[in-house]
Amino acid sequence: MTSELTFISPDWPAPARVKAVTTTRAGGVSRGPYASFNLGDHVGDDPAAVSRNRESLRAALSLPAEPIWLRQVHGTHIVDAAHGVIGGEGDGAWSAQPGVVCAVLTADCLPVFLCDRGGTEVALLHAGWRGLAAGVIEQGVGVMGSDPAGLLAWLGPAIGARAFEVGLEVREAFVRHDPQAAQAFTMGRPDRFHADLYALAQRRLAALGVEAIYGGGWCTFTDRDRFFSYRRDPVCGRMASLIWLEPVGGY
């Protein structure tokens, strides 16, 4: 017997035709370290279980199409999802075409949702520290046709600062780009720091002119019941974040 699927919806003032959601780990058929709603097909889980979980996802959300699942590499490439190939390499997806479902998988990294106030385009970014430092947010905002001041951003579930300990090289990667990013790091053990992914993403977005930023505050590492966490459990499943545009009048 599986538990009920549960989802987290962004608390942002997006237009009604913008549909967005992040899954939790509850409600699927995967077992062991992947229990139970694992949507990642690259982590060692039974492919049949992943397939059943993805079918459940499509049915529960009445998705208009199969999500454009990406092969994520902690880079900055943003895929045009309307012309994307499932399994193509990228760490973000963008679409201005209704019915095209952008998707990223995470288990500690930060999913960054974007849409414009008019509901004409959406994007979704996979932002771990490497992607953030390399400029995945800058790339994602850059591919959108809207002025950044007209965008909304929502930061989905990621590892919290108290659980995310990093080395000096990580801090330096951000401070070289923005000296004030040092405020997002607090000292931990000798030569170790606690990094606040939410604060780092907020700084990057704000620097681009994105003023309406929502979300944040979860910790995938500590909330074992709701979230997978790669840092907590190196063998684990993945949550999915999804965003798409509904056409006027629905399907």
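**Entry 1: Thr24**

I started with a polar contact of 2.5 Å, which joins the side chains of Thr24 and Thr6. I note here that the model is a predicted one. Next I looked up where Thr24 sits. Its place is in the loop between strand 2 and helix 1. Is Thr24 buried or exposed? Buried means under 20% relative accessible area. Thr24 has 2% relative accessibility, so I count Thr24 as buried.

I then checked the backbone around Thr24. A polar atom of the Thr24 side chain lies 3.3 Å from the backbone nitrogen of Ala26. I also listed contacts, leaving aside neighbours within four places in sequence. Thr24 is in contact with Thr6, Ile8, Phe37, Arg226 and Met239.

**Entry 2: strand 13**

Met239 belongs to strand 13, which covers residues 239-245, so I went there next. How many residues of strand 13 are buried? I found seven of its seven residues buried. Met239, Ser241, Ile243 and Leu245 point one way from the strand. Ala240, Leu242 and Trp244 point the other way.

I looked up the partners of strand 13. Strand 2 (residues 18-23) pairs with strand 13 in the antiparallel sense, over five bridges. In strand 2, I found Lys19 opposite Trp244 of strand 13. Strand 5 (residues 102-106) also runs antiparallel to strand 13, and five bridges join them. Here Leu105 stands opposite Ala240.

**Entry 3: helix 1**

I turned to helix 1, residues 47-61. I checked its length. At 1.5 Å a residue, its 15 residues should span 21 Å. The end C-alpha atoms are 21 Å apart, which agrees.

Which residues of helix 1 are buried? I noted Ala49, Val50, Asn53, Arg54 and Leu57. They cover an arc of only 135° around the axis, so they lie on the same side of helix 1. The spacing makes sense to me: an α-helix has 3.6 residues a turn, so residues three or four places apart point the same way. On the other side of helix 1, Arg52 and Ala59 are exposed.

What do the buried residues pack against? I found strand 1 (7-8), strand 2, strand 5 and strand 13.

**Entry 4: the helix ends**

Last, I looked at both ends of helix 1. Asp46 caps the N-terminal end. One of its side-chain oxygens lies 3.0 Å from the backbone nitrogen of Ala48. Just after the helix, Ser62 takes a positive phi of about 50°.

Terms used: Residues are numbered from 1 along each chain as its sequence is written. This is a predicted model: local features need pLDDT of at least 70, side-chain atom pairs count only at pLDDT 80 or more; totals for chains, interfaces and linings use all residues. Side-chain values use heavy atoms; hydrogens and water are left out. Buried means under 20% relative accessible area, exposed over 50%, partly exposed in between (1.4 Å probe, protein chains only). Helices (H or I, at least four residues) and strands (E, at least two) are DSSP runs, numbered from the N terminus. Two strands pair if DSSP finds at least two bridges between them. The expected span of a helix is 1.5 Å times one less than its number of residues. The arc is that of the directions from the helix axis to the C-beta atoms. Contact means heavy atoms within 4.5 Å. A polar contact is a pair of N or O atoms within 3.5 Å; within protein, one must be able to donate a hydrogen and the other to accept it, and residues adjacent in sequence count only if both atoms are side-chain atoms.
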